[in-house]
Amino acid sequence: MLEISARKVAQVAMMARELHRAEGELRAFVDRLNEDEQAELVAIMWIGRESFFAEDLAEAILTARRDASIPCADYLLGSPHLADHLENGLDALGISAQEAEDSLM
């Protein structure tokens, strides 16, 4: 289904919650993701903010790839409530954001 793991999405969400101290780390982490993972991360965020429905995941991923015009980290950091949107997106896709975050601790 997804190339990006729930753990990676959860890691971005956790860093987004600590942006005052983790922005550089978040940027570096997102920059290390491949293009597919970055597009999926954006699509998950969009699903979490209800720009797309979970059943439209493939369309959201294609749109994220097609519309990418700035670095992914810049785009994500420009989104208010990034962590909440990522967590909601995972949950909408039937993936427990809480379990993914718990696995990081």
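Colleague: What makes Arg 17 count as partly exposed?

Modeller: Arg 17 has 44% relative accessibility, and partly exposed covers what lies between buried (under 20% relative accessible area) and exposed (over 50%), with a 1.4 Å probe and protein chains only. So Arg 17 counts as partly exposed. Bear in mind that this is a predicted model, where local features need pLDDT of at least 70, side-chain atom pairs count only at pLDDT 80 or more, and totals for chains, interfaces and linings use all residues. Residues are numbered from 1 along each chain as its sequence is written, and side-chain values use heavy atoms, with hydrogens and water left out.

Colleague: How do you know that Asp 84 and Arg 17 meet in a salt bridge?

Modeller: Their side chains come to 2.8 Å, N to O, and a salt bridge asks for a side-chain nitrogen of Lys or Arg within 4 Å of a carboxyl oxygen of Asp or Glu. The pair ties together distant parts of the chain, with Asp 84 in helix H6 (residues 82-92) and Arg 17 in helix H1 (residues 6-17), 67 residues apart. Asp 84 is partly exposed too, at 32%. There's a network here as well: salt bridges link Arg 17, Asp 84 and Glu 87.

Colleague: What makes Arg 27 and Asp 74 a salt bridge?

Modeller: The closest N and O atoms of Arg 27 and Asp 74 are 2.4 Å apart, so the pair meets the cut-off. Arg 27 sits in helix H2 (residues 19-32) and Asp 74 in helix H5 (residues 72-77), 47 residues apart. Arg 27 is partly exposed at 27%, and Asp 74 is partly exposed at 35%.

Colleague: Why is Arg 66 called exposed?

Modeller: Arg 66 has 62% relative accessibility, so exposed is the word for it. Asp 67, its salt-bridge partner at 3.1 Å, N to O, is partly exposed at 42%. The structure holds 8 salt bridges.

Colleague: And why are H3 and H4 called oblique to each other?

Modeller: Helix H3 (residues 35-48) and helix H4 (residues 57-67) pack at about 120°, with axes 8 Å apart. Under 35 degrees is roughly parallel, over 145 roughly antiparallel, 65 to 115 roughly perpendicular, and the rest oblique. H3 and H4 are therefore oblique.

Colleague: Which residues of H3 and H4 meet there?

Modeller: With contact meaning heavy atoms within 4.5 Å, those in H3 include Val 42, Trp 46 and Ile 47, while those in H4 include Leu 57, Ile 61 and Arg 65.

Definitions and conventions
Axes are lines fitted to C-alpha atoms, for helices over the stretch in contact, and angles run from 0 to 180 degrees between N-to-C directions. Helices (H or I, at least four residues) and strands (E, at least two) are DSSP runs, numbered from the N terminus.
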